[in-house]
Amino acid sequence: YGYPLPSVVKPVVLTHNIDTGYQSDKASKGSCLLNDAYLDDDHDLNLDHLNALNAIELTHVNHVIESIPLLPPTQKAGESDKDFKSKIKAHKKFVRCVNQGLELLTDTFYLTHAFDRRGRTYCRGYQFSYQGKDFNKAAITFARKELLR
């Protein structure tokens with residue numbers, strides 16, 4: 001998967017539509033829109049919203065991540081063998097990528113975000129994301145927990 005990993009340091013504050021939040025020179029410029037779509041600075045994007053999301057400190061839930069390899073996909077009724085084998089292959093690749101990513105992550109990390117053309121907000125990551133499949137959502141939680149009364 002050619003998706004960026006989460007950031008282990010707090011992302012850079014976005015000030016222009018071409019910022020990404022990443023610290024490295026190579027990855028710091030691109031677009032606040034997915035797929036590096038370009039909008040010049042006179043288009044008003046809500047960068048405060050992206051900055052607020054980028055600043056949320058997250059952590060991974062180890063017992064969920066450890067269970068992902070134990071829960072391979074099941075073949076649905078009417079699903080072809082070819083499609084099912086493709087799903088199994090994708091699952092194995094996903095598990096491998098998550099394990100490699102965990103070796104690089106610290107206990108806390110940050111996800112960077114971008115808008116799509118409709119203005120919806122998405123995580124830039126794939127292996128580590130609170131969007132997508134159920135195990136993706138369950139594998140991430142807030143690093144700073146507060147008791148609500």
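Predicted model: local features only at pLDDT ≥ 70, side-chain atom pairs only at ≥ 80, totals over all residues.

Trainee: Why is Asp116 called buried?

Mentor: Buried means under 20% relative accessible area. Asp116 comes in at 11% relative accessibility, so it counts as buried.

Trainee: And which residues is Asp116 in contact with, leaving aside its neighbours within four places in sequence?

Mentor: Those would be Leu33, Leu34 and Tyr122. The cut-off for a contact is heavy atoms within 4.5 Å. Take Leu33: it is 83 residues from Asp116 in sequence, yet their C-alpha atoms are 5.5 Å apart in space.

Trainee: Now the sheet. What is the order of its three strands?

Mentor: The order is β2-β1-β5, the pairing is antiparallel, and the sheet is open.

Trainee: What makes β2 and β5 stand at the edges?

Mentor: β2 (108–109) and β5 (140–142) each have a single partner strand, so one side of each is left without a neighbour in the sheet.

Trainee: How do you know that β1 and β5 pair?

Mentor: Pairing takes at least two bridges. Strand β1 (residues 58–60) and β5 have three bridges, in the antiparallel sense. Within that pairing, Leu58 stands opposite Phe142 in β5.

Trainee: Where is confidence lowest, and where is it highest?

Mentor: Helix α4 (residues 134–138) is lowest, at a mean pLDDT of 79, and helix α1 (residues 47–54) is highest, at 93. For the protein chain the mean is 82, with 91% of residues at 70 or more.

Conventions. Residues numbered from 1 in each chain as written. Heavy atoms only, no water. Buried < 20%, exposed > 50% of the residue type's maximum accessible area, 1.4 Å probe, protein only. Helix = DSSP H or I, 4+ residues; strand = E, 2+ residues; numbered from the N terminus. pLDDT = per-residue confidence, 0-100.
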